Amino acid sequence: MVPPALLPWAVRAMPAMTADLRLLVELETPSDDKALLDTGLTVLGRWLAGRLAGARFTRHDGGRHGDVLEVTLPGTAPGHVLFLCHYDTVWPRGTLETWPFRVTDGRASGPGTFDMKLGIVQAVWALRAVRAFGLRVPSVRLLLTGDEEIGSPAGRPHIERSSDGALATLVFEASLDGALKTGRKGVGLFDVTVRGVEAHAGLDPAAGVSAIHQLAELIGVISAFGDAGKGTTVNVGLVRGGTALNVVAGEASCGVDVRVAQAAETARLDADFAALRPSDARALLSVRGEWNRPPMVPNAPTRRLFTLAARVGEQLGLRLSDVSVGGASDANFVSALGRGVLDGLGALGGGAHARHEHVLLAPVPARTALVAGLLVALAPGPAGAPTLGA
């Protein structure tokens, strides 16, 4: 059983948790700013060392991307659980100057509060809770990556390695109105470029081939690649091209975001992009891109993990539900390997990637206690199977 005193303990810890959230939000850590990422992770490491005495730290070089910090906390039961967090945000250097961290009427706002710095705080304080009560739990590997917002090119190998053999992987991305995330769409990012023939738009238009006109035709074709019945969406989100109003455009391109709920759709989309052709044979077409993340399709280990979390939630007065969402996260990589992963254990709030990003503070103690209780439930019993603890 989850100790009855666990939730009141987390309530009393709220001032310290709020102060920790302020510390993390005031560390600007944009995904594309290596200097700020390095500084931010150094401060994060010192904070973690203070909050989790006795933990072991390994910092992995991320190259031109943010480094990966691996924190290992020894447990009192066999096996290990992986905690996945990312410390990078979408917000550029200087955002805090016009949007500082503030708390108003039970809401904390600021760049990165929701996605996902409160999740980091809750993960750390859940670990402090199990220590405070001397609970029997597996070892925990806490992985902090600095490139999640750009697809985890440096973080992915460490995520896949650390989740190998784990009893569970818990991801501290934000919740959807309290629901845990057991499914996510896969993401493909593509650039389609057309090279035409420049000409004077008034004196000799027939000599030219407008790359913009050709691309406009292709955008309609690309948009039709979507299949609502299969959960596949296609969005042309960026269009660039041309040099002047009186020039038949020599080049134009568009950026395409593709989301798939089924793994089989990736092969179909690859074939559809490969089959694209401009209507004028004088124009040249190129397609570049890749599948940023595979889809996270709920598997049997994840279903069992959600059932376990729901049982723990009941002991804390929480009625948990699960949901599949269109966004992707590092959970996608773990799920694609057939491993159990539960996402959405972080903040309640809203406004991800927007200026109204915020978190609700009232649910924080219960969500923190939920993670602590789930760690207890994941401790293997005498027969080696997870149990709800003693």
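Me: A cavity is a set of points where a 1.4 Å probe fits but cannot get out, and its lining residues have an atom within 4 Å of a point. This is a predicted model. Which residues line its largest cavity?

Reply: The lining consists of V25, L27, E28, T29, T89, W91, P92, T95, L96, P111 and K117. Each has an atom within 4 Å of a point of the cavity, so each counts as lining.

Me: How many cavities of 30 Å³ or more are there, and what volume does the largest cavity have?

Reply: The count comes to one cavity of 30 Å³ or more. The largest cavity has a volume of about 50 Å³.

Me: How do the residues lining the largest cavity divide by class?

Reply: Six are nonpolar, three are polar and two are charged. E28 and K117 are in this lining, and they count as charged because Glu and Lys belong to that class.

Me: Is the crossing of α2 and α5 left-handed or right-handed, and which residues make the contact?

Reply: α2 passes α5 in a right-handed crossing. From α2 the contact takes A16, M17, D20, L21, L24 and V25, and from α5 it takes T113, K117, L118, I120, V121 and W125. By class these are nine nonpolar, one polar and two charged residues.

Me: Which residues of α5 and α11 meet?

Reply: In α5 they are L118, Q122, W125, A126, L127, A129 and V130, and in α11 they are V364, R367, T368, V371, A372 and L375. This contact has 10 nonpolar, two polar and one charged residues.

Me: How are α2 and α3 placed, roughly parallel or roughly antiparallel?

Reply: α2 and helix α3 (residues 34–51) pack at an angle of about 160 degrees, and their axes are 11 Å apart. Since the cut-off for roughly antiparallel is an angle over 145, α2 and α3 are roughly antiparallel to each other. Their crossing is left-handed. A16, D20, L23 and L24 of α2 make the contact with V43, L44, W47 and R51 of α3. The contact of α2 with α3 has six nonpolar, no polar and two charged residues.

Me: What makes a space a pocket rather than a cavity, and how much space lies in the largest pocket?

Reply: A pocket is an open set of points, whereas the probe cannot get out of a cavity. The largest pocket holds about 840 Å³ of space. It is lined by 36 residues, and E148, E149, R293, A328 and H353 lie nearest its centre.

Me: Which element gives the largest share of the lining of the largest pocket?

Reply: β14 does, with four residues. At least two residues each come from α5, β8 (180–184), β9 (186–195), β13 (251–260), β14 (284–293) and β17 (349–350). The lining divides into 13 nonpolar, 11 polar and 12 charged residues.

Me: Which residues does a cis peptide bond join?

Reply: It joins D115 and M116, with omega about -5 degrees. M116 is found in helix α5.

Me: What value does phi of D105 have, and where is D105?

Reply: Phi of D105 is near 50 degrees, a positive value in a residue other than glycine. D105 is in the loop between β4 (102–104) and β5 (107–109).

How values were computed. Residues numbered from 1 in each chain as written. Predicted model: local features only at pLDDT ≥ 70, side-chain atom pairs only at ≥ 80, totals over all residues. Heavy atoms only, no water. 1 Å grid on protein atoms, 1.4 Å probe; cavity = no way out; pocket = protein on both sides within 12 Å on 5 of 7 lines; lining within 4 Å. Points joined across faces, edges and corners; volume = space filled by probe spheres on them. Left-handed = near helix turned anticlockwise from the far one by under 90°. Contact = heavy atoms within 4.5 Å. Axes fitted to C-alpha atoms, helices over the stretch in contact; angles between N-to-C directions. Parallel < 35°, antiparallel > 145°, perpendicular 65-115°, else oblique.
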